[in-house]
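Thanks for coming, everyone. Please have a look at the model on the screen, and I'll walk you through a few parts of it.

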Amino acid sequence: MRARSMELSLITLENLTKSFPGKSSPVLALREVNLEIGAGALYGVVGPAKSGKSTLAKVVALQEKPDRGTVRLDGLNTAGLDGRRLREVRRQVAALDTAPALYAERTVAGNVAAPLEQLGVDGPQRRSRVGRVLDIAGLTQRATQHPGELTDGQRRRVEIARAVASGPAVLLADDPTAGLGADEAGSVLTVLDRARAELGVTVVLTTKDAGVARRVCDGVALLDSGRVVEHGTVLDLLAVPGSRTADALLPAIDTPRSQSAAYDRAADVVLIGFAAVGALLPEAAVRFEVELATIGGGLTRVGDTPVARFRVGVTGRQADSALAWIADRGAHVTHFAAGPRSVAA
Ligand SMILES: Nc1ncnc2c1ncn2[C@@H]1O[C@H](COP(=O)(O)OP(=O)(O)OP(=O)(O)O)[C@@H](O)[C@H]1O
Ligand SMILES: [Mg+2]
């Protein structure tokens with residue numbers, strides 16, 4: 001086997017449009033999709049049911065041809081490929097969703113070894129590769145067990161280990177956490193993250209659950225009715241006012257808006273980064289002699305970065321100055337209502 005696991009692959013999608021025959025008119029599953037997925041990224045495609053995620057994964061995996069547009073891998077236009085070149089490029093692109101079921105009669109290690117056997121990799125080289133990907137999948141202790149003895153989440157991890165065993169450059173994981181509980185879903189995401197970090201595989205995962213993207217993705221695209229409606233790094237999108245991705249990723253604010261009427265000013269404050277989360281609001285209260293109440297929201301993590309969204313109610317003569325100061329410090333402040341108690345001019 002050619003060792004090519006650290007050759008990272010850049011994916012460029014240009015004006016991808018894909019339709020399927022529908023009852024009365026064609027269903028447009030993808031509409032003019034343009035995206036660039038960096039080499040070695042763990043990229044999330046997030047969107048509601050039927051938004052086109054699986055279609056996108058299949059088009060990138062070269063299993064479906066787009067009606068129009070181009071899929072480039074490391075700049076190579078995949079549309080013109082056929083025969084041997086197409087098979088070679090396809091081998092670099094692994095897809096979890098279409099993988100055959102695990103062999104029930106083979107051990108975990110035997111399942112992971114299967115694609116290597118097909119490529120004629122044998123002996124110590126095969127054993128060492130199987131050992132490495134089992135370690136990445138957190139399955140070293142399960143190597144001699146059979147799929148039937150595993151949980152759904154563990155089986156999903158075997159599938160990932162098998163998919164990356166032969167060293168593909170790209171892994172498409174269509175809804176890899178579907179049907180799993182939170183702990184098992186977390187373990188699956190950890191394996192995808194390790195595959196990216198330790199094997200250099202460019203991973204594209206699709207999910208309906210923004211929380212999945214929050215855990216591990218660097219970049220994310222939000223699909224809606226086949227269109228990319230937002231894309232960027234997760235941390236950048238959090239700072240975009242009105243971003244649907246941000247709204248889905250940040251802690252929910254469950255407090256009714258009417259509650260903010262009790263304050264001179266009310267605003268939603270998004271803080272990205274730890275120091276800011278801990279210190280900014282109390283410091284503003286002291287500096288501007290205002291009362292600053294947290295009336296909704298909370299803290300979470302995006303990857304390793306702590307982020308917070310709070311709805312704050314501010315009471316005091318310098319309420320506006322306090323909020324302006326918080327914004328100057330790098331927080332994203334959205335004023336949404338002034339209370340009936342007007343701040344003295
Ligand atoms: N093979 C097909 N034949 C006909 N229509 C299809 C086919 N595949 C997808 N579609 C349609 O294309 C649209 C996008 O489907 P797709 O499966 O890509 O969405 P999805 O985001 O993966 O949805 P889900 O979250 O439910 O998996 C839907 O309207 C779907 O019905
Ligand atoms: Mg799907």
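Strand 7, helix 6 and strand 8 form a right-handed β-α-β unit. Right-handed means this: with the strands pointing away from you, the path from the first strand over the helix to the second runs clockwise. Helices (H or I, at least four residues) and strands (E, at least two) are DSSP runs, numbered from the N terminus.

Some ground rules. This is a predicted model, where local features need pLDDT of at least 70, side-chain atom pairs count only at pLDDT 80 or more, and totals for chains, interfaces and linings use all residues. Residues are numbered from 1 along each chain as its sequence is written, chains are lettered from A and ligands numbered from 1 in the order in which they are written, and side-chain values use heavy atoms, leaving out hydrogens and water.

Back to strand 8, residues 202-207.

Which strands pair with strand 8? Pairing takes at least two DSSP bridges. Strand 3 runs parallel to strand 8, with five bridges; Tyr 43 has Val 204 as its bridge partner. Strand 7 is also parallel to strand 8 and also joined by five bridges. There, Leu 171 stands opposite Val 203.

Next, ligand 1. Its shell counts residues with a heavy atom within 4 Å. Among them are Phe 20, Pro 48, Ser 54 and Lys 208. Helix 1 gives the largest share, three residues. Now the polar contacts, pairs of N or O atoms within 3.5 Å. A backbone N or O atom of Lys 50 lies 2.7 Å from a ligand oxygen. For a polar side-chain atom of Lys 53, the distance to an oxygen of ligand 1 is 2.7 Å. The protein covers 66% of the 640 Å² of accessible area that ligand 1 has on its own. That area comes from the Shrake-Rupley method with a 1.4 Å probe.

Most residues other than glycine have a negative phi. Leu 62 has a positive phi of about 65°. It sits in the loop between helix 1 and strand 4. Glu 289 has a positive phi too, near 50°. Its loop lies between helix 10 and strand 12. Buried or exposed? Leu 62 is buried, at 10% relative accessible area. Glu 289 is exposed, at 68%.

Technical notes. Polar contact = N/O pair within 3.5 Å; in protein donor to acceptor, adjacent residues only side chain to side chain. Buried < 20%, exposed > 50% of the residue type's maximum accessible area, 1.4 Å probe, protein only.
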